[in-house]
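Here are some notes for a first look at this structure. Please read them with the view open beside you.

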Amino acid sequence: SASTTNSSLLWSMGVYGYSATDSRIYVGEAENGNYYYGSTTMLNNTWYHLVVTASGSSWTLYVNGVPQTLTAESGSSNDGYFFGQVASGTMQYAIASTRRASGPEFYFGGSISDVRIYNHVLSAAEITNLYNSYNSQISLGGSGQSGSVSLGAGLIGYWPFNGNARDATPYSDDGTVSGAILTTDRKSRNNSAYGFNGTSSGIYI
């Protein structure tokens with residue numbers, strides 16, 4: 001369940017304002033300011049498949065299955081927020097909102113569908129498999145398009161947003177929706193994504 005109180009943000013992924021006309025994806029550790037942004041320019045009204053892996057202090061960001069060249073952030077230009085881990089006794093993750101105890105709040109304006117957490121670092125093959133076979137209806141225990149890489153192995157959190165914010169894994173870490181509304185996903189399926197207003201809405205886990 002989600003806490004109703006603010007918490008410290010440990011790490012996050014979101015939109016970085018590289019310039020007035022160029023937005024990138026960023027990832028990093030929020031509390032110590034170690035942020036990095038990717039090399040792909042993000043376009044409005046376009047769906048993207050995003051994967052972040054972390055091993056120690058090393059981050060890898062994939063956009064549509066392609067590993068990004070990461071550049072250290074030189075300023076505070078975080079314009080939106082997708083997902084991150086927070087420090088709280090009851091809340092572990094926040095989607096589309098930082099939910100921080102102090103400092104500026106960052107919200108994401110747009111739609112998000114199919115959020116997953118794995119308990120291991122996904123390999124490049126697994127990420128390619130996941131991107132190529134992307135389907136929010138895929139079986140949790142199923143294999144990918146090639147049948148050689150399982151997408152269910154190590155999956156400890158899965159929010160497909162099929163009409164609700166429930167966790168589809170046995171862990172049942174259901175999300176609490178605050179201000180977000182169900183909308184269509186990238187395949188135009190109704191009630192298969194959540195829309196966020198960019199100013200106050202989020203999902204808290």
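**Notes on the model**

1. Start with Val121. Its relative accessibility is 43%, so Val121 counts as partly exposed. The cut-offs matter here: buried means under 20%, exposed means over 50%, and partly exposed falls in between. Bear in mind that this is a predicted model.

2. Where does Val121 sit? Its place is the loop between strand 11 (115-118) and helix 1 (124-132). Not counting residues up to four places away in sequence, Val121 touches Thr53, Ala54, Ser55 and Glu126. Take Ser55 from that list. Val121 and Ser55 are 66 residues apart in sequence, yet 7.2 Å apart in space, C-alpha to C-alpha.

3. Ser55 leads on to strands 4 and 5. The bridge partner of Ser55 in strand 5 is Ser58. Strand 4 pairs with strand 5 (residues 58-63) over six bridges, in the antiparallel sense. These strands belong to an open sheet of three, with the order 4-5-6 and antiparallel pairing. Strand 4 (50-55) and strand 6 (66-67) are at the edges with a single partner strand each, so one side of each has no neighbour in the sheet.

4. Now step back to the whole protein. It has one helix and 16 strands. Of its 205 residues, 45% are buried. The protein exposes about 9,700 Å². Carbon and sulfur atoms supply 46% of that area. Consider also the contacts between residues at least 6 apart in sequence: 55% of these join residues at least 24 apart.

5. Strand 11 pairs with strand 12 in the antiparallel sense, over four bridges. Within this pairing, Tyr118 has Leu155 in strand 12 as its bridge partner. How much of strand 12 is covered? Most of it: four of its five residues are buried. Please also check Arg116 and Tyr158. Arg116 lies over the face of Tyr158, at 4.5 Å from the ring centre.

6. How many aromatic pairs does the structure hold? It holds one. The ring centres of Phe161 and Tyr194 are 5.0 Å apart and the planes stand at 90°, so this pair is edge-to-face. Are the two residues buried or exposed? Both Phe161 and Tyr194 are buried.

7. Strand 14 and strand 15 are joined in the antiparallel sense over three bridges. Thr183 stands opposite Ala193 in strand 15.

8. Gly110 lies in strand 10 of this sheet. Its relative accessible area is 25%, so Gly110 is partly exposed. Leaving aside neighbours within four places in sequence, Gly110 is in contact with Tyr194, Gly195 and Phe196. Tyr194 is the residue from the aromatic pair. Gly110 and Asn45 are 65 residues apart in sequence and 8.4 Å apart in space, C-alpha to C-alpha.

9. Gly28 has its place in strand 2 (residues 22-29). Is Gly28 buried or exposed? Gly28 is buried, because its relative accessible area is 0%. Gly28 and Met13 are 15 residues apart in sequence and 6.8 Å apart in space, C-alpha to C-alpha.

10. Last, strand 3 (residues 34-37). Which residues form its covered face? They are Tyr35 and Tyr37. Asn34 and Tyr36 form the uncovered one. Strand 3 runs antiparallel to strand 7 (residues 71-72), and two bridges join them. Tyr37, from the covered face, stands opposite Thr71 in strand 7.

Key. Residues are numbered from 1 along each chain as its sequence is written. This is a predicted model: local features need pLDDT of at least 70, side-chain atom pairs count only at pLDDT 80 or more; totals for chains, interfaces and linings use all residues. Side-chain values use heavy atoms; hydrogens and water are left out. Buried means under 20% relative accessible area, exposed over 50%, partly exposed in between (1.4 Å probe, protein chains only). Two strands pair if DSSP finds at least two bridges between them. Contact means heavy atoms within 4.5 Å. Accessible areas come from the Shrake-Rupley method with a 1.4 Å probe; for residues, only the protein chains shown count as cover. Rings of Phe, Tyr and Trp (its six-membered ring) pair if their centres lie within 6.5 Å; planes under 30 degrees apart count as stacked, over 60 as edge-to-face and the rest as tilted. A charge sits over a ring if NZ of Lys or CZ of Arg is within 6 Å of the ring centre and within 35 degrees of the ring normal.
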